[in-house]
Amino acid sequence: MNALRGPAAHTELTRRNYSSFAFVVLVTSSVGVGYGAIDLAMIAPFGVRYVAAVGLADLIVIGITSYAGGLVAVFASRLAIAEGEGTTPRRLPVLAGSFLLCALVFEAVAVGLSLAMGWLLRVANQPVELIPLAVDYATVGLAGMVVTVVWAATNEALRICGMKNISFVVLACGFVANAALDYVALYTPVASLFASPAQAVAVVSVVVYTAIAITGIVVFARLMRARTNLAPRADRAEVVTEFRSMVWVSQGVGVRNLNDYMGAILPFIFIGTLGPQAVAASVVGAKIYTLFCRLPQACVAGTSVFYGYQVGRGSSAPQLKAHGRTLLLYTAVPTAIGTVLVLACSPWLVRLFGGGPEIDTGAAVMMLVAFMVTIPLYVLEYTYTAVLTVHQRGALMSTISTTATYLFTIPLAWFAVFVLGSAFWAIALGGIVASTVIVVCYARTLYRDHWGQPVPASAEAAGA
């Protein structure tokens with residue numbers, strides 16, 4: 001099959017390429033957040049009960065989405081390697097076929113969970129009046145998980161193959177469609193077709209993600225055919241082999257993502273026992289921190305792709321180490337500047353996002369500081385995570401993150417709340433200790449196994 005001759009321009013690591021890529025990811029991810037926000041805004045007039053039910057269901061849907069994100073990350077890393085080595089035309093059908101098989105496995109897990117949703121919420125002692133509404137929303141969302149995962153992978157493929165601007169356009173059009181369809185499903189006679197407003201917004205989300213996934217796939221396929229000749233079909237044996245490797249590695253990366261999610265949620269549950277003011281201050285601090293993290297996350301997305309390109313070129317261990325350090329610098333500098341600005345403007349930001357005079361501004365600023373002090377470790381941890389994902393080290397990452405989360409993050413948060421009575425240390429202490437452990441272990445693995453001696457790119461791409 002025809003392959004690209006030499007590296008394409010978009011695979012070259014330059015400040016312009018990297019910053020352009022990261023900026024598009026930043027803007028795209030911001031639009032993505034708007035999908036959930038518009039659902040809540042549209043359903044809010046129906047009362048706090050519906051807002052609470054959607055928020056409760058979203059906790060579960062987001063957790064499963066984080067787990068499924070491991071599959072998307074592994075698919076993207078392998079596609080980036082193929083793009084870097086110029087074998088995308090031959091590898092893409094195999095990667096796409098194995099990805100779809102893996103997506104069906106994740107879908108089976110999501111559907112199984114959706115069937116048990118009501119029972120799980122009752123066991124968790126959630127408010128009885130919220131359970132039917134939460135089930136309406138979560139059941140549809142989990143049933144449509146495969147569509148969300150397929151769109152996420154398509155979005156990554158567009159970016160990796162030099163079509164990043166198209167990914168933003170498709171997502172932005174989807175956002176407009178989501179808002180319009182939410183209105184139709186909630187405020188016109190069409191609303192009678194749904195069991196509840198919660199189910200209506202969930203169905204709209206699945207419909208929109210289906211539409212943008214199909215649109216993205218069609219556009220991507222046409223542009224790829226115009227660029228080069230794709231393999232007519234994937235070899236079945238090669239797809240099966242790729243599937244076995246992909247599903248195993250993606251489980252490890254998915255577990256790591258799920259550990260991050262649990263490490264973020266459980267400390268908030270503990271903080272809830274300290275009273276409304278502590279919860280409100282923590283929510284405000286977390287909201288600002290989450291928005292800020294779009295910046296390093298966008299940079300880390302660029303790190304993953306550009307490092308994958310370099311691995312695909314068969315670079316030596318010293319070259320990969322130099323490349324990795326450059327990418328770390330590209331993430332660290334804008335993140336450091338942003339961190340200083342956020343801390344300097346923290347009182348103003350708290351008043352902006354605080355929601356009213358009842359919020360203790362000083363407490364909210366301290367909670368924001370608790371989150372922000374972990375940023376240097378955050379940059380190291382997620383940069384190393386991106387690099388290790390390219391090297392397909394899912395099992396190692398899941399083991400280390402599980403140990404750090406359940407041995408340090410959660411116990412230290414419990415200690416901070418129930419012994420020290422401090423929401424600040426519930427966030428800062430666990431985050432600093434756990435992230436330090438993870439960074440040390442990840443760095444040791446990288447420098448020993450991948451940056452300390454030559455590692456063939458083909459072995460890295462296939463290794464579990």
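pLDDT is the predictor's confidence in each residue, from 0 to 100. This is a predicted model, so local features need a pLDDT of at least 70 and side-chain atom pairs count only at pLDDT 80 or more, while totals for chains, interfaces and linings use all residues. Residues are numbered from 1 along each chain as its sequence is written, and side-chain values use heavy atoms, with hydrogens and water left out.

On average the chain gets a pLDDT of 88, and 94% of the residues score at least 70. Helices here are DSSP runs (H or I, at least four residues), while strands are E runs of at least two, numbered from the N terminus.

Now for the ends. Residues 1-6 stay under 50 in pLDDT, and the model gives them twelve contacts beyond four places in sequence (contact means heavy atoms within 4.5 Å). Residues 455-464 are also below 50, with 20 contacts beyond near neighbours in sequence.

## The overall build

Count up the secondary structure and you get 18 helices and zero strands. The radius of gyration is 22 Å, close to the 23 Å from the globule rule for 464 residues, so the chain is as compact as a globular protein of that length. That radius is taken over C-alpha atoms, and the rule is 2.2 Å times the number of residues to the power 0.38. Along the principal axes, the C-alpha atoms fill a box of roughly 60 × 50 × 40 Å.

Of the 464 residues, 52% are buried (under 20% relative accessible area; exposed is over 50%, partly exposed in between, with a 1.4 Å probe and protein chains only). Take contacts between residues at least 6 apart in sequence: 85% of them join residues at least 24 apart.

## A nonpolar patch

Phe46, Leu181, Tyr183, Val184, Tyr187, Val190, Leu193 and Val207 form a nonpolar patch on the surface. Patch residues have over 30% relative accessible area and no salt bridge; like charges are joined within 9 Å, and nonpolar side chains (Val, Leu, Ile, Met, Phe, Trp, Tyr) within 5 Å. A salt bridge puts a side-chain nitrogen of Lys or Arg within 4 Å of a carboxyl oxygen of Asp or Glu.

Helix 7 (residues 164-187) supplies the largest share of the patch, four residues. Tyr187 sits in helix 7 and is partly exposed, at 34% relative accessible area.

Gln392 has a positive phi of about 65°, although it is not a glycine. Gln392 lies in the loop between helix 15 and helix 16 (394-418), and is buried, with a relative accessible area of 0%.

Methods. Accessible areas come from the Shrake-Rupley method with a 1.4 Å probe; for residues, only the protein chains shown count as cover.
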